[in-house]
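Work through the exercises below with the sequence and the model side by side. Try each task before reading its solution.

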Amino acid sequence: MKLDKKTLMESARERVIETISHNMYLYGVTPSIGRLYGTLFFNDKPMTLDEMKEELKMSKTSMSTSVRTLTDLNMVEKVWKKGIRKDLYEAKKDWYQIFIDFFSNEWRKVISLNVKAINQSMRELKTVLEEDLTIDEKETVLHDLEKFNYAIEYYKWLNQLFDYFESNQIFDLITKQEIEKELD
């Protein structure tokens, strides 16, 4: 039995939306929020909460919470259209920028916390070095300080990497695909 064109088109789109929804855990959100993003991504015009609710068969409260989450993640934006009083939302389609914004922000938080903990530990171990230590204790402290220095260097490198992302210099090394421009 051969499927008609419309069914094949819907099936192809649904498969990708489903995959997007399952992979959204990388952004710390549920599959239903991912499904909403996928739906907005494929919709060629902005949608109201009511339209989203109807399309996804979810409550308006759930839609509102999901849209707020996607807006906070900088994946969806509110848009204005003349003559329409209800809030309209559309998916941001620049996946490169979404990735950069989200992962740079998340990693910078992690880096900051880790560097703070390492610096505090290094200060404490340096004061321990001033104490009367056995040879084994001194070796352990010096060994740990080496590891802490290694970690600090790693976090400096990671910050530089995200500097490349945020300045878009990364695209001088790895170019964006030109089809991305056609989605706007």
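**Exercise 1.** State what covers the buried residues of helix α6.

Solution. The cover includes α5 (95-129) and α7 (170-173), where contact means heavy atoms within 4.5 Å. Helices here are DSSP runs (H or I, at least four residues), numbered from the N terminus. The model is predicted: local features need pLDDT of at least 70, side-chain atom pairs count only at pLDDT 80 or more, and totals for chains, interfaces and linings use all residues. Residues are numbered from 1 along each chain as its sequence is written, and side-chain values use heavy atoms, with hydrogens and water left out.

Next, list the residues that are covered. Among the buried ones in α6 are Val141, Leu145, Tyr155 and Phe162; buried means under 20% relative accessible area with a 1.4 Å probe, protein chains only.

**Exercise 2.** Which helices do the buried residues of α5 pack against?

Solution. They pack against α2, α6 and α7. Ile98, Phe102 and Met122 are among the buried residues of α5.

**Exercise 3.** Is threonine 39 buried or exposed?

Solution. Locate threonine 39 in helix α2 (residues 31-42). Its relative accessibility is 10%, so threonine 39 counts as buried. Leaving out residues up to four places away in sequence, threonine 39 touches Ile17, Met47, Glu55 and Leu56.

Methods
Helices (H or I, at least four residues) and strands (E, at least two) are DSSP runs, numbered from the N terminus. Buried means under 20% relative accessible area, exposed over 50%, partly exposed in between (1.4 Å probe, protein chains only).
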